[in-house]
Amino acid sequence: MDNTMLIGLSRQLTLRREMDITANNIANINTDGFKAERVMLESRETRRARHEDGPPQVQFVGEWAMARDFTQGALTSTGRPLDLALDGPGFFVLETPAGERFTRDGRFTLNAQGELTASDGARVLDEGGAPVVIDPNAGPVQFGTDGVLIQNGNPGARLALAVFEAPGQLSKTGDNRYQAPEDAARLDERPVLRQGFSESSNVRAILEMTRMMEVSRAYQSVTRMIRDADELSRKAIERLGRP
């Protein structure tokens, strides 16, 4: 019975984690470029608690990894010349105090130096690793689908767009950004840049709400199982204590 309660407790811990992740997905349903996440679980075999019968090993459940759905979000026209979206796999490259970071959120603006930046001031980098500078007096800002900045018909810097061979290796760092390991392999291909568009979150509300109900019901079911096991244990102790 101790084994039953311990296994149930391990499942409750993972269900709480799943509920947190699902709630975070729903909270970011309107966050541009956000990618849905899902907890991946694994079976963990270990020795059972001391009993006279039953199998020598029991299976617990634990969190193995965080999976992210990098599928394309819907592109929405905004008309803003500095709103950029990626059509296809890849990320914008930002310069932050902690190093390079990667994001799908392309709602950019300009700082006082005319540099293209994210909302918190992180500078957008070009292929050479330099900030992308826009001259406000050089005419309307245009970006080609290949990421080249064009002003008054003159081509300028080309945005750095990183495409990773295994995007699952990226780790999340907050602010809808990712960090890549040093040995992450990059591909030569580039996504198509769409100027005047933003990429919506790829979270599907119905799917997440359904998942939330499933997790809630599973948690209640495990709670009942633990309660029943505890009640069975209590009755067994009472019976053994009778003269």
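**Group meeting: a walk through the model**

Okay, let's start with what lies over helix α1: the cover on its buried residues includes β1 (37-47), β2 (57-68) and α2 (205-241). Before I go on, keep in mind that this is a predicted model.

So which residues of α1 are buried? They are N3, G8, S10, Q12, T14, L15, E18, I21, T22 and N25. The helix itself takes in residues 2-27, which makes 26 residues. From its first C-alpha to its last, α1 reaches 37 Å, and that's close to the 38 Å expected at 1.5 Å a residue.

α1 and α2 pack with their axes 9 Å apart, at an angle of about 160°. An angle over 145 degrees counts as roughly antiparallel, so that's what we call α1 relative to α2. As for handedness, α1 and α2 make a left-handed crossing.

Okay, on to a sheet. This one is open and has three strands, in the order β10-β11-β12, and the pairing is antiparallel. Which strands stand at the edges? Those are β10 (141-143) and β12 (154-158); each has a single partner strand, so one side of each is left without a neighbour in the sheet. On average, and ignoring direction, neighbouring strands here are turned by 30° against each other.

Let's zoom in on one of those pairings. Strand β11, residues 148-151, is joined to β12 by three bridges, with the two running antiparallel. If you want a spot to look for on screen, find Q151, which stands opposite N154 in β12.

Last stop: the loop between β14 (171-174) and β15 (177-179), where you'll find D175. N176 sits in the loop between β14 and β15 too. D175 isn't a glycine, yet its phi is positive, at about 55°. N176 also has a positive phi, near 60°, and again we're talking about a residue other than glycine.

And are these residues buried or exposed? D175 is exposed, with a relative accessible area of 63%. N176, on the other hand, is buried, with a relative accessible area of 9%; the cut-off for buried is under 20%.

Notes
Residues numbered from 1 in each chain as written. Predicted model: local features only at pLDDT ≥ 70, side-chain atom pairs only at ≥ 80, totals over all residues. Heavy atoms only, no water. Helix = DSSP H or I, 4+ residues; strand = E, 2+ residues; numbered from the N terminus. Expected span 1.5 Å × (residues − 1). Buried < 20%, exposed > 50% of the residue type's maximum accessible area, 1.4 Å probe, protein only. Contact = heavy atoms within 4.5 Å. Pairing = 2+ DSSP bridges. Axes fitted to C-alpha atoms, helices over the stretch in contact; angles between N-to-C directions. Parallel < 35°, antiparallel > 145°, perpendicular 65-115°, else oblique. Left-handed = near helix turned anticlockwise from the far one by under 90°.
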